[in-house]
Amino acid sequence: MLSRKQFTLYTHKTGVNGWKVALLLEELGLYGKTELKYLEVDDNKNEVKASPHIDLNPNGRIPTLVDHSNNDFVIWESCAILLYLVEKYDKGGGFTVSDHNEKYKQLQWLFFQASGQGPYFGQISHFLFAHPVIVPTAVQRYQDEIKRVIGVLECVMSEQEWLVAGKFTIVDIALFPWHDAAIQYYLPPGTYDLAKEAPHVNAWYKMMLERPSVKRGWGQRDVFLQESPFKEGLAAAHQRVAEAAHEK
Amino acid sequence: MPSDKRFTLYTHKLGPNGWKVSMLLEELGLSNETDVKFLEFDKKEHKQAPHIELNPNGRIPTLVDHGNDDFAVWESDAILLYLVEKYDKDGKFALPDANDKFLQLQWLFFQASGQGPYFGQGNHFLFSHPAVLPTAVKRYQDEAQRVINVLESVLSKQEWLVGGKFGIIDIALFPWHDIALKVLFSPGSYNAEKEAPHVHAWYKRVSERPAIKKVWDE
């Protein structure tokens, strides 16, 4: 089926990684040229693991981008998509890193996000909501790791304003969504004060929340979250873990 | 402290991510130009100076290129990309097609986000976690099988993942795959050749390469 828009983005209404790409499309002025396909996952169906998505992305995870102006080129893995979009469509060089060494620092931080932030933060979501039994020590492991990762960012941001090239880049877009999810939802309520524990990360976070692209895009995700049972279940999930930890 | 070799590689004797870089250095003929520093995790050397000053994340590997003003880069897949860009003089790993470069990035991020960390969590819950949690171990063993199945679905249709040839993605995937077969899956529970024959053939091809054999056998 021919899409009249330049891109198709297979994504999910509340899934964190899809929003990284949406935020960059917004920053590049390409959001209006993108057809968004929100795939649904519930007890009855899993569109992410079914055709047509699985035929494009054998890993069956969102997001997946199709560039119809590049012969329907398909690319998945959110950080790879960010790099693709910037390389091909960041004509003004706003997010491009031209210095050779900075290019590799950018890759380094993107791999840090992809391997050390996203998956570890994501495990909390699994152990809070989806694991067949309540395992407080597993939840604790990943909550400790959230704090460690924020600590790493604090260590660097206390010495320099930006992680790469002295400016806002796709690294900031990549790190923001999971960071927000961790601060808002994944740590037990009232147990972690970001402003006190990591003031420079907090300043960066507050600045990100004020960017128009984040307000619009991430704000849209918040609307979707309100429409889902997520927030109702959240307090109960933390409570269950705390009770199970006390029982031991 | 200045090194008279071109590179210093901070790594670990068992950590699979460090071995990725060692394998590529061997493939590029750069092993002899590398001062390898095996850090001891028991002594927390990875979280202390000098390493922590080069890499605030405190995880191996970290590469310092003394031929580039002591440029320090960490994250194993970023190091692989750096080495190929700067030091692949013969173009062994070159990808002339621009789209292939992005597919390579895609698969490297798949390895970094979907293979390594998940296989690693399996090892954590098997060997290091303070409590025995069979459901957690199972979660990661199941995910390892799913990841191998993803590779099987692609390798059953094409010989190599990217560019029609051996590349850094194969080096990146190899160490954790080997660990899954030898350590993560309970003995006798996973028949690699039967479950994912094309992946198994790929694994054998990669492990027979002289550079890989030399480094992995160490």
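As the model is a prediction, local features need pLDDT of at least 70 and side-chain atom pairs count only at pLDDT 80 or more, while totals for chains, interfaces and linings use all residues. Residues are numbered from 1 along each chain as its sequence is written, chains are lettered from A in the order in which they are written, and side-chain values use heavy atoms, with hydrogens and water left out.

**View 1. The fold of chain A.**
Chain A holds 10 helices and 4 strands, where helices (H or I, at least four residues) and strands (E, at least two) are DSSP runs numbered from the N terminus. Read from the N terminus, the elements of chain A follow the order β-α-β-α-β-β-α-α-α-α-α-α-α-α. Because its radius of gyration of 19 Å is close to the 18 Å that the globule rule gives for 248 residues, chain A is as compact as a globular protein of that length; the radius is taken over C-alpha atoms, and the rule is 2.2 Å times the number of residues to the power 0.38. The C-alpha trace of chain A spans about 60 × 50 × 25 Å along its principal axes.

Domain 1 of chain A covers 7-89 and domain 2 of chain A covers 100-247, with bounds that come from an automatic or database domain assignment. The centres of these two domains, taken over C-alpha atoms, are separated by 21 Å. Domain 1 of chain A brings 15 residues to the contact and domain 2 of chain A brings 22 residues, contact meaning heavy atoms within 4.5 Å. Between them the two domains of chain A bury about 1800 Å², 76% of it on carbon and sulfur atoms; buried area is the accessible area (1.4 Å probe) that two parts lose on being put together, summed over both.

The rule finds 2 salt bridges across the interface of domain 1 of chain A and domain 2 of chain A, a salt bridge being a side-chain nitrogen of Lys or Arg within 4 Å of a carboxyl oxygen of Asp or Glu. A salt bridge joins the side chains of R211(A) and E27(A), at 2.8 Å from N to O. Across the interface of domain 1 of chain A and domain 2 of chain A there are also 6 residue pairs in polar contact (both at pLDDT 80 or more). A polar contact is a pair of N or O atoms within 3.5 Å; within protein, one must be able to donate a hydrogen and the other to accept it, and residues adjacent in sequence count only if both atoms are side-chain atoms. On the side of domain 1 of chain A that touches domain 2 of chain A, the elements that give two or more residues are helix 1 (16-27) and helix 3 (78-89) of chain A, and helix 1 of chain A gives the largest share, with 8 residues. By class, this side of domain 1 of chain A has 9 nonpolar, 2 polar and 4 charged residues, where Ala, Val, Leu, Ile, Met, Phe, Trp, Tyr, Cys and Pro count as nonpolar, Asp, Glu, Lys and Arg as charged, and the others, Gly among them, as polar.

**View 2. The interface of chain A and chain B.**
Here 44 residues of chain A are in contact with 43 residues of chain B. The two chains bury about 4000 Å² between them, with 62% of it on carbon and sulfur atoms. Y104(A), Q108(A) and F111(A) supply 16% of the area that chain A buries against chain B, which is more than any other three residues supply. The rule finds 1 salt bridge across this interface, and E85(B) forms a salt bridge with K103(A), in which the closest N and O atoms are 3.2 Å apart. The interface of chain A and chain B also has 23 residue pairs in polar contact (both at pLDDT 80 or more). On the side of chain A that touches chain B, strand 4 (73-76), helix 3, helix 4 (100-130) and helix 5 (136-157) of chain A each supply at least two residues, and the largest share, 18 residues, comes from helix 4 of chain A.

**View 3. The domains of chain B.**
The domain assignment of chain B gives domain 1 (7-87) and domain 2 (99-209), whose C-alpha centres lie 22 Å apart. About 1000 Å² is buried between these domains of chain B, and carbon and sulfur atoms give 75% of that area. The side chains of E27(B) and R209(B) meet in a salt bridge at 2.8 Å, N to O.
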